[in-house]
Amino acid sequence: MIDRLIDTFLHRFTNTGKDNNDNPIPLITTGSIVLGAMLRLALIMIITWWIIDEWMFQQYWIFIAIAIMLFVIYPSFRQYSIFNDRIENLAESTMCGSCKHFDNTGQMCILYDEHISNNSLPCEGQDWELKN
Ligand code: SF4
């Protein structure tokens, strides 16, 4: 649990190749990216608040904005781009990609409330319905 939280905080799964379309349960989803971004933002706010308070750096607020950009927004955006590419590959390689029950943000089948991977289609094609 702690390991997973640290990996989420560091946005590490994709870079290590641990997360792929063969995993029955995805390590990266939109939710995990948002959680990682919130953890990073909280840490940066605590550190910068302490620095500003300790050394009276109120006039250097621009550095806080730069730190948020470098350590929260950019890594999360990059993680999301990698996640999106992986989901596009999954959608192309499985029939779920064209099904209206496929939720690409969570890599889920909404109908069965289960994750989808290259090796597991919860309905096995029985409930496929064309996406509009
Ligand atoms: S209903 Fe079947 S085809 Fe459609 S998303 Fe769910 S598992 Fe995939």
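This is a predicted model: local features need pLDDT of at least 70, side-chain atom pairs count only at pLDDT 80 or more; totals for chains, interfaces and linings use all residues.
Helix α4 contains a kink of about 35°, centred on Met-69, the bend at a residue being the angle between axes fitted to the seven residues ending there and the seven starting there. Residue numbers start from 1 along each chain as its sequence is written. Helices (H or I, at least four residues) and strands (E, at least two) are DSSP runs, numbered from the N terminus.

The end C-alpha atoms of α4 are 47 Å apart, which agrees with the 48 Å that its 33 residues should span at 1.5 Å a residue; the expected span is 1.5 Å times one less than the number of residues. Within α4, the buried residues are Val-72, Gln-79, Phe-83, Ile-87 and Leu-90. A residue is termed buried if 20 or more other C-beta atoms lie within 10 Å of its own, exposed if 12 or fewer, and partly exposed in between, with C-beta atoms placed from the backbone.

Helix α3 has 26 residues and reaches 37 Å from its first C-alpha to its last, close to the expected 38 Å. Ser-32, Ile-33, Gly-36, Ala-37 and Arg-40 are the buried residues of α3, and their cover includes α1 (2-10) and α4. Contact here requires that the C-beta atoms of two residues, placed from the backbone, lie within 7 Å. Just after α3, Met-56 takes a positive phi of about 55°.

The largest nonpolar core has 12 residues in all: Ile-28, Ile-33, Ala-37, Val-72, Phe-83, Ile-87, Leu-90, Cys-96, Cys-99, Phe-102, Cys-109 and Ile-116. Two or more residues of this core are given by each of α3 (30-55) and α4 (61-93), and the largest share, four residues, comes from α4. Such a core is a set of buried Ala, Val, Leu, Ile, Met, Phe, Trp, Tyr and Cys residues joined through C-beta atoms within 7 Å. In soluble globular proteins, nonpolar side chains tend to be buried together.

Beyond its neighbours within four places in sequence, Ile-116 is in contact with Leu-90, Thr-94, Cys-96, Phe-102, Gln-107, Met-108, Cys-109, Leu-121 and Pro-122. Thr-94 lies in the loop between α4 and β1 (102-103) and is partly exposed, because 19 other C-beta atoms are within 10 Å. With residues up to four places away in sequence not counted, Thr-94 touches Ile-116, Asn-118 and Leu-121. Thr-94 and Asn-84 are 10 residues apart along the chain, with their C-alpha atoms separated by 15 Å.

Around the ligand there are 14 residues, of which Cys-96, Cys-99, Cys-109, Cys-123 and Asp-127 come nearest; a residue is near if its C-beta atom, placed from the backbone, lies within 6 Å. The shell divides into 12 nonpolar residues, one polar and one charged. In this division Ala, Val, Leu, Ile, Met, Phe, Trp, Tyr, Cys and Pro count as nonpolar, Asp, Glu, Lys and Arg as charged, and the others, Gly among them, as polar.

Asp-113, in the loop between β2 (108-109) and β3 (114-115), has a phi near 55° without being a glycine, and counts as exposed because it has 10 C-beta neighbours inside 10 Å. Glu-124, in the segment after β3, likewise has a positive phi, of about 55°; with 9 C-beta neighbours inside 10 Å, Glu-124 counts as exposed.

Glu-129 is also found in the segment after β3 and, having 11 C-beta neighbours inside 10 Å, counts as exposed. Apart from residues up to four places away in sequence, Glu-129 touches Cys-99, Lys-100 and His-101. Between Glu-129 and Met-38, 91 residues apart in sequence, the C-alpha to C-alpha distance is 36 Å.
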